[in-house]
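This report describes selected parts of one structure. Please have the sequence and coordinates at hand while reading.

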Amino acid sequence: MDNFKKIYHAGAYERLSKEDGDIALSGKAESNSISNQRSLIENFISENDDIVLTREYVDDGYSGANFDRPHFQRMLEDIKSGVIDCVIVKDLSRFGREYIDSGMYIERLFPALGVRFIAINDHVDTADGSQDDIILPFKNLMNDAYCRDISIKIRSHLAVKRKNGEYVGAFVPYGYEKQKGDPHKIVPDLYAAGIVQKIFQLKLDGYSQNKIADWLNERGILCPLEYKRSRGIRVTENFKTHEEAAWSPVSVRRILENEIYTGVLIQGRRSTPNNKVKKLLLKPESEWIRIENSHEPVISRREFLLVQRLLKMDSRTSPYEDSVYPLSGLLICGDCGAPMVKRDVPAGGKVYSYYICSRHDTKKDCSPHRISKDRLESNVLSLLQAHIANVLDLQKILEYV
């Protein structure tokens, strides 16, 4: 019974973040690539007959500043369900660079669950009762400081690129693509840019965002997410709720409001407070970095401004119409200030159209006054004609003077 040797069922954990091409920054002679981590762990296990490799967990492209990583969370579930009782990493920095949570896992949670933890290059093995436990927190603290230093350097580097007019986003907006040979420059994607131009034209023609979305879906035009997937671009699916995404009023409005289509590059709108808090916060507009004429526009400035004015109006259409009615969003009730809406009233085999107060129409909160559509539009036309005549007369007077 004294010769009984416990066999540990190990999970090999490997992590590589985007900034972990850190050979140049840290002076390390060995790359932190996943393959090198895997090879080191496999060699270590082959030399220890009390450990059996049960599973491998790989988080490729995830920061060590927090533990919200898919394979790390899967490893925790396997620990809780008894699949593994040993965790092996290349070194402590691969496990995590946040010293408080790293210490919580290594010094509290793992011992409580009977899990052995091994960091090969740091000579950490919690099964060895003779090791100096005071060294572990200091090593985790150093990794935390390193992560903070890298974060500051990256933020500074990106800020310089933004000020120089270089595009630093992972993905470009629909209608553009990264220039071949220079990922910091964007150029129009001829097909998608044509769709963007059509969307703006439909809006100028009086279509609502909902009708524009229907128009695009009926013709089988791929929405931005599906278009990127069709081109082999890896995109997040956090917001995908259907097997195949489609155009929606929200996605249409997002395009109509994006100033990038006029050749203006606006970056740095959002940021995280620090390297440990990953929640994005909107920065004050005064801190945004705005570069005019940064790239080739696909929409004229005039068209864009006209569309912005239309978006501020009440341009909802009736269920049986494709475009908004004349004067939509321009009329308000003289009594309560609510928008006026057009309603069709059938009578005697004919249809009569009236403008009425929307507040009375929905809540009966205003008096039931109304005005004939033909009469109102005729009056507005007369006013416009009189105004144009006055402008022309003024122009003649100025020319004579």
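## Basis

This is a predicted model, in which local features need pLDDT of at least 70 and side-chain atom pairs count only at pLDDT 80 or more, while totals for chains, interfaces and linings use all residues. Residues are numbered from 1 along each chain as its sequence is written, and side-chain values use heavy atoms, with hydrogens and water left out.

Helices (H or I, at least four residues) and strands (E, at least two) are DSSP runs, numbered from the N terminus.

## The sheet

Five strands form an open sheet: it has 5 strands in the order β2-β1-β3-β4-β5, with mixed pairing. Its edge strands are β2 and β5 (124-125), each of which pairs on one side only. Two strands count as paired if DSSP finds at least two bridges between them.

β1 is mostly covered, with 8 of its 9 residues buried. Buried means under 20% relative accessible area, exposed means over 50%, and partly exposed lies in between (1.4 Å probe, protein chains only).

## Helices across the sheet

Helix α2 (residues 34-46) lies across β1, β2, β3 and β4 (116-119), and runs at about 160° to β1. Helix α3 lies across β1, β2 and β3, at about 150° to β2. Axes are lines fitted to C-alpha atoms, for helices over the stretch in contact, and angles run from 0 to 180 degrees between N-to-C directions.

In α3 (residues 70-80), the buried residues are Phe 72, Met 75, Leu 76, Asp 78 and Ile 79. They lie on the same side of α3 because they cover an arc of only 160° around the axis, the arc being that of the directions from the helix axis to the C-beta atoms. These buried residues pack against β1 (8-16), β2 (51-60), β3 (86-89), α4 (92-95) and α5 (99-112); contact means heavy atoms within 4.5 Å. After α3 comes Gly 82, with a positive phi near 85°.

## The α7 and α11 pair

Helix α7 (residues 190-204) packs with helix α11 (residues 301-311) at an angle of about 50°, their axes being 10 Å apart. α7 is therefore oblique to α11. Angles under 35 degrees count as roughly parallel, over 145 as roughly antiparallel, 65 to 115 as roughly perpendicular and the rest as oblique.

On the α7 side, Phe 200, Gln 201, Lys 203 and Leu 204 meet Glu 303, Phe 304, Leu 306, Val 307, Leu 310 and Leu 311 in α11.

## Two single residues

Ser 358 is in helix α12 (residues 358-363) and counts as buried because its relative accessibility is 16%. Leaving aside neighbours within four places in sequence, Ser 358 is in contact with Ala 338, Pro 339 and Val 341. Its C-alpha atom is separated by 8.9 Å from that of Lys 342, 16 residues apart along the chain.

Leu 280 is in the loop between β9 (270-271) and β10 (281-282). With a relative accessible area of 55%, Leu 280 is exposed. Leaving aside neighbours within four places in sequence, Leu 280 is in contact with Arg 270, Ser 271 and Thr 272. Leu 280 and Arg 269 are 11 residues apart in sequence and 9.6 Å apart in space, C-alpha to C-alpha.
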